[in-house]
Amino acid sequence: MELIFVHGALVRDGQWWWHRTADLLEQRTGVRSRSVALPSCGEGVPEQVSGGLAADAAALRAELDRVDSAIVVGHSYGGTVIAEAGRHPAVEHLLFVSSYLPDIGQSQGAIMSGEADPVSIGDNGDGTLGVTGYDVASFSARFLQDADAETQRQGWDRVTAQAATAFTTPTTAAGWTDVDSTYIVCGEDRSTSVQLQRFHAARATRAVELPTGHHPFLTRPDLVVAQLEALLP
């Protein structure tokens, strides 16, 4: 059994975002995990950045092709990537963290459009989008309010531009429809509203609500690992 993590939008270095949960999971269970490099966030092959959602889904499929069985964790935008990757035979379970289970034909932008207090995202003029109007303090207050100051600084250092097509491309598959799944609602999230989380959580096989902000795998890895342990054979 492998565990594959798909990080959220407008950041890079998924392995860093996931490392505290990865380390604790391996200590407790021996299960190793890794993160998918998302081309739309400038990770991997430079020419694939403009591929957006399609390139990200292809990157996930390539990781899944290398394993016999896997639990796939999607954080925020990562849930849309999981949906687009479709029903891969290696997938045993999908774990969504403050994420989305979109219908076929929905884009990431359309999913986020109903938020009453949306994250400020601007056009960089080069085919990419980026967060606008934030500094380390305001970014941390919104996305990492339950993290320590050093983690907040390191998180801000990993904010990046992302291909606009990651947000505008409609999904062509809903890979969550026939796979066992769990949804972690982050009850103190200031980024994705709890209302939107609960809407998508109702589509999963089961759901649990944790008292955390947007990144529980950084701030409360013990709670995330407890959920993962329950999924392991």
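Three strands make an open sheet, ordered β5-β6-β7, with antiparallel pairing. Helices (H or I, at least four residues) and strands (E, at least two) are DSSP runs, numbered from the N terminus. Two strands pair if DSSP finds at least two bridges between them. The edges of the sheet are β5 (121–123) and β7 (162–163), each pairing on one side only. Strands of a sheet pair through backbone hydrogen bonds, either parallel or antiparallel. Between β5 and β6 (residues 128–131) there are three bridges, in the antiparallel sense. I121 has V131 in β6 as its bridge partner.

This is a predicted model, in which local features need pLDDT of at least 70, side-chain atom pairs count only at pLDDT 80 or more, and totals for chains, interfaces and linings use all residues. Residues are numbered from 1 along each chain as its sequence is written, and side-chain values use heavy atoms, with hydrogens and water left out.

Turn now to helix α3. Eight of the eight residues of α3 (residues 78–85) are buried, so the helix is largely enclosed by the rest of the structure. Buried means under 20% relative accessible area, exposed over 50%, and partly exposed in between (1.4 Å probe, protein chains only). The buried set is G78, G79, T80, V81, I82, A83, E84 and A85. Their cover includes β1 (2–6), α2 (52–64), β3 (70–75), β4 (91–97) and α4 (108–112). After α3 comes G86, with a positive phi near 75 degrees.

Helix α4 contains Q108. This residue counts as buried because its relative accessibility is 2%. Leaving aside neighbours within four places in sequence, Q108 is in contact (heavy atoms within 4.5 Å) with Y77, T80, Y100, A166 and F167. T80 is also one of the buried residues of α3.

The largest pocket comes next. A pocket is an open set of points on a 1 Å grid over the protein atoms alone, where a 1.4 Å probe fits, with protein on both sides within 12 Å along at least five of seven lines; lining residues have an atom within 4 Å of a point. The largest pocket holds about 450 Å³ of space. Its lining has 29 residues, of which A9, L10, M112, V119 and I121 lie nearest the centre. α4, β6 and α5 (136–143) each supply at least two lining residues. The most come from α4, with three. By type, the lining divides into 17 nonpolar, 11 polar and one charged.

Methods
Grid points are joined across faces, edges and corners, and a volume is the space filled by probe spheres set on the points. Ala, Val, Leu, Ile, Met, Phe, Trp, Tyr, Cys and Pro count as nonpolar, Asp, Glu, Lys and Arg as charged, and the others, Gly among them, as polar.
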